[in-house]
Every structure is written in structure tokens, then in C-alpha cells.
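Hi,

Here is the structure I said I would pass on.

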Amino acid sequence: MFPDRVLSGMRPTGKLHLGHYHGVLKNWVRLQSEYECFFMVADLHALTTAYDDVSVIEKSVWDMVIDWIAAGVDPAQATIFIQSRVPEHAELHLLLSMITPLPWLERVPTYKDQIEKLSSKDLGTYGFLGYPLLQSADILLYRGTMVPVGEDQVPHVEITREIARRFNHMFGKEPNFAEKAEAAIKKMGGKKGKLYEDLRTRYQQEGDVEALESARAMLADTQNLSHGDRERLFGYLEGGGKMILPESQPLLTTASRMPGLDGAKMSKSYGNTISLREDPETVTKKIRQMPTDPARVRRTDVGDPEKCPVWQLHQVYSTEDTRQWVVQGCTTAGIGCIECKQPIIDGVLAEQKPMFERAQPYLEDPTLIRNLVADGCERARDLARETMRDVREAMGLAYD
């Protein structure tokens with residue numbers, strides 16, 4: 001019913017680094033040639049945790065879009081837009097909040113994780129509690145059928161499906177849907193019918209997934225229902241009838257193998273990054289200053305690549321022949337650490353060279369990037385308006 005469409009985004013929180021490139025942007029570049037893609041600057045999401053200091057957001061918006069293009073995201077193939085420039089995001093978020101049970105938001109795994117990790121911030125706000133719902137609105141607004149995520153983000157796609165299912169159940173029913181469903185419940189018999197209603201109430205009011213699975217199993221085993229009644233009760237339980245909002249699926253992406261300069265995951269919070277468009281002199285200096293195997297105090301000491309952060313970067317940037325050279329040279333003290341690091345320097349600089357070239361026109365003329373984003377926002381808003389017209393009509397609200 002809905003075309004294959006991808007929606008993904010990033011928060012504007014500062015310059016992007018090579019971890020972003022290997023973890024997200026390379027995948028975007030591949031997807032844009034396979035699907036209709038919408039790539040969003042998630043500036044409203046940046047406010048959910050950085051509402052007390054917004055100084056970095058606006059500048060980061062433009063830096064980030066240039067980084068996307070530098071990485072190979074093609075505005076001729078994909079729609080690039082800014083979330084807050086499409087007010088329908090906020091409208092759909094509000095309307096979905098009217099039907100989303102609080103326990104659904106509270107059970108999202110990243111909610112408690114983030115509160116613990118960001119304990120220094122006051123995150124006792126609806127904006128933070130409701131950010132999974134805002135993510136759902138982002139996806140559903142463009143009727144995105146696929147969402148590229150890592151495994152840790154799958155719960156966000158799952159709650160989006162549940163919200164779409166609930167919306168369709170409440171507002172997309174066939175004529176006399178409730179009456180037909182209630183008649184079908186009576187055909188199940190008094191005991192089973194009451195159990196079905198109890199399980200349905202637990203799922204819809206409390207977000208009890210186990211109740212949902214139990215009700216599905218019971219319907220599958222009930223013999224005295226016609227095919228039509230059984231499908232109707234599945235819909236009555238979890239959302240059926242006219243599909244106004246699609247149930248998106250996660251498009252699992254391979255976890256990034258990009259380590260930081262200290263061997264840990266590359267992250268701004270760890271201070272171990274190389275920016276996407278960092279100048280060659282700084283890149284060279286950073287890599288040359290990387291820590292190595294602590295056993296190699298002197299040039300003549302032998303080392304173990306597995307204990308050296310530089311070796312992890314060889315896994316990303318070096319050929320098999322180069323890696324064999326590193327193992328042989330390190331374990332026999334045949335090469336020094338500076339020699340070992342040079343192929344990494346060469347690999348990073350070669351990777352960055354086309355990025356600088358793609359970014360240069362937009363750095364020389366900032367109006368180019370602003371015009372490009374303005375066009376993307378208009379395309380995004382055209383599609384968003386179509387969705388909201390259907391949503392408002394279904395919910396009994398006035399629309400043009």
C-alpha cells in the first residue's frame with residue numbers, strides 16, 4: 001500500500017567524525033540509490049537533552065549538512081531537510097500523544113539508560129519522556145516503511161509500529177467495525193470472550209505485550225470463528241481496518257567498526273575523534289600521538305598488535321598484506337610505531353580527500369547549502385501535508 005521509503009536523521013550536536021561516517025553515512029549513501037530517502041536534521045530532538053544550552057545547535061545544523069554531502073549524500077537522490085522547518089512534525093507528535101499510553105514510553109529501554117548516563121542533567125521533562133513518540137511521529141509523517149537502525153534502536157521502531165497499529169485501530173475501522181467485533185466476541189463463548197476482552201484491555205491501556213501475545217494465540221486456536229471474524233478480532237485487538245499510518249520495519253545496519261584514537265569507540269564525549277573534514281596536519285599529528293602497546297618502551301622492544309589501539313585502525317584502513325607486515329614487524333621489533341602508523345595516516349587522508357572536494361563549493365558559497373535545504377524542506381513538507389490531511393480527517397479535525 002505504501003512505497004518503500006527510508007527516514008533517518010541525526011541530532012546537530014557538533015562536527016561529525018569518522019565514526020559517524022563508518023557507522024551511519026556510508027549506509028545512507030548506499031540506501032539513497034536503492035530507495036526513496038529522507039534524511040533529517042533532528043534539531044527538535046537536540047532540545048530533548050540540550051534545552052539548557054542551545055548555542056551549538058544552529059551552527060551545527062549547517063556544518064552537519066555539509067558533512068553529509070562531503071560523505072557522499074546526494075541531494076539529487078535524497079531529500080535533506082530540517083525537522084523544525086516542517087511544523088507537521090510537532091503537530092503529529094501532539095496528536096499521537098493523545099492516544100499513546102504512558103507505560104509505552106516508560107518501557108523504552110533507552111529512557112532509563114539515558115537518565116542514568118546523563119544524571120547531571122535535569123531530564124524530568126515531558127520532552128525527554130516523549131522523545132520516542134517524537135521519533136515515531138518523524139517516521140510516520142513520511143509513512144516511512146523502513147528505518148535504518150542499529151540493534152540498540154530496534155525498540156524505537158517497535159513502539160512506532162505499536163503506535164501506528166493503535167492509531168489505525170482507533171481511526172481506520174470499517175463501518176460498524178466495533179459492533180461486528182463485539183458480535184464475533186460473543187461467538188467465542190462466555191469464558192473465552194471475557195478473557196479476550198481482559199487481554200485486549202491490558203494491552204491497549206497498559207501496553208502489556210504478553211497480553212497481546214496471549215490474545216493472538218487464543219484467537220489462532222479458537223475453532224468456531226469464521227476467517228472474517230478471526231481477522232476482525234485480530235484487528236480489534238491490535239489495530240485493523242483502513243491503514244492510515246504504516247507499520248514500519250527496522251532496517252538493521254552493521255555496527256560500526258570505527259575505533260577512536262585510544263582504542264575505545266570513537267565518540268566526542270571520549271575526546272578520541274577525527275573529524276570528517278579535519279586538516280591533514282592535525283590528522284597526522286593525532287595518529288602519530290596515538291598510544292601503542294605499553295610493552296614497546298624502546299624501539300627494540302617487541303610488541304603485540306592485539307594490545308595496541310593502532311592495530312584496530314589497521315582493521316579499517318589497511319589491506320591484508322599491510323596487516324601481515326604490521327604483525328611481522330611489531331612482533332619482531334622490525335618496525336617502529338611511527339612506521340606502523342603511517343599506513344593509517346595515508347588511509348585516513350585518502351578517505352577524506354574527496355570529502356574536502358565535495359564540501360568546498362558549499363564552504364565558498366553558503367547560500368548553496370541554504371537553498372538546497374530550503375528545497376528539501378519544501379519537498380518534505382509537501383509529503384507531510386498529505387499525511388496530516390488524512391490524519392486530521394480520521395481524527396475528526398478540520399483540514400483544508
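Predicted model: local features only at pLDDT ≥ 70, side-chain atom pairs only at ≥ 80, totals over all residues.

Below is what I found in it, going from the whole chain down to single residues.

**The whole chain**

The protein has 400 residues, and 49% of them count as buried. Its secondary structure comes to 18 helices and 5 strands, and the C-alpha trace spans about 85 × 50 × 40 Å along its principal axes. If you take the contacts with a separation of 6 or more, 78% of them are between residues 24 or more positions apart.

**The core and helix 3**

As background, nonpolar side chains in soluble globular proteins tend to be buried together. Here the largest nonpolar core has 111 residues, and the members that touch the most others are Leu25, Trp68, Tyr142 and Leu233. Which helix gives the most to this core? That is helix 3 (residues 57-71), with 10 residues.

Helix 3 is itself largely enclosed by the rest of the structure, because 13 of its 15 residues are buried. Its length also checks out: at 1.5 Å a residue, the 15 residues should span 21 Å, and the end C-alpha atoms are 20 Å apart, which agrees.

Trp68 is worth a click. Setting aside neighbours within four places in sequence, Trp68 is in contact with Met10, Leu16, Leu25, Trp28, Phe39, Met40, Val41, Val73 and Ile80. Two of those contacts come back in the ring pairs: Trp28, Phe39 and Trp68 are linked into a cluster.

**Aromatic pairs**

Searching the whole structure gives 8 aromatic pairs. One of them is Phe81 with Tyr142: the ring centres are 5.3 Å apart and the planes are at 55°, so this pair is tilted. Phe81 belongs to strand 3 (residues 78-82) and Tyr142 to the loop between helix 8 (131-141) and strand 4, so the pair ties together parts that are 61 residues apart in sequence. Are these two residues buried or exposed? Buried is under 20% relative accessible area, so Phe81 at 0% counts as buried, and so does Tyr142 at 1%.

Another pair is Trp104 with Tyr203. Their ring centres are 5.9 Å apart with planes at 35°, so they are tilted as well. Trp104 sits in helix 5 (residues 102-106) and Tyr203 in helix 11 (residues 190-206), so this pair ties together parts 99 residues apart in sequence. Both Trp104 and Tyr203 are buried.

**Charges over rings**

Arg200 lies over the face of Tyr236, 3.7 Å from the ring centre. The charged end of Arg370 sits over the ring of Trp62, at 4.1 Å from its centre.

**Strand 4**

Strand 4 (residues 146-149) has Met146 and Pro148 pointing one way and Val147 and Val149 the other, and all of them are buried. What does strand 4 pair with? Its partner is strand 5 (residues 249-252), in the parallel sense and over 4 bridges. In strand 5, Leu252 is the bridge partner of Val149.

Arg143 is not a glycine, yet its phi is positive, at about 50°. Arg143 lies in the loop between helix 8 and strand 4, and it counts as buried because its relative accessibility is 11%.

Ala333 is not a glycine either, and its phi is positive at about 60°. You will find Ala333 in the loop between helix 16 (320-331) and helix 17 (337-364). With a relative accessible area of 14%, Ala333 is buried.

**Gln135**

Last, a residue in helix 8: Gln135. At 22% relative accessibility, Gln135 counts as partly exposed. Leaving out neighbours within four places in sequence, Gln135 is in contact with His45, Gln153 and His156.

Cheers

Note on methods:
Residues numbered from 1 in each chain as written. Heavy atoms only, no water. Buried < 20%, exposed > 50% of the residue type's maximum accessible area, 1.4 Å probe, protein only. Helix = DSSP H or I, 4+ residues; strand = E, 2+ residues; numbered from the N terminus. Pairing = 2+ DSSP bridges. Phe/Tyr/Trp six-rings, centres within 6.5 Å; stacked < 30°, edge-to-face > 60°. Lys NZ or Arg CZ within 6 Å of the ring centre and 35° of its normal. Core = buried A, V, L, I, M, F, W, Y, C linked by side-chain atoms within 4.5 Å. Contact = heavy atoms within 4.5 Å. Expected span 1.5 Å × (residues − 1).
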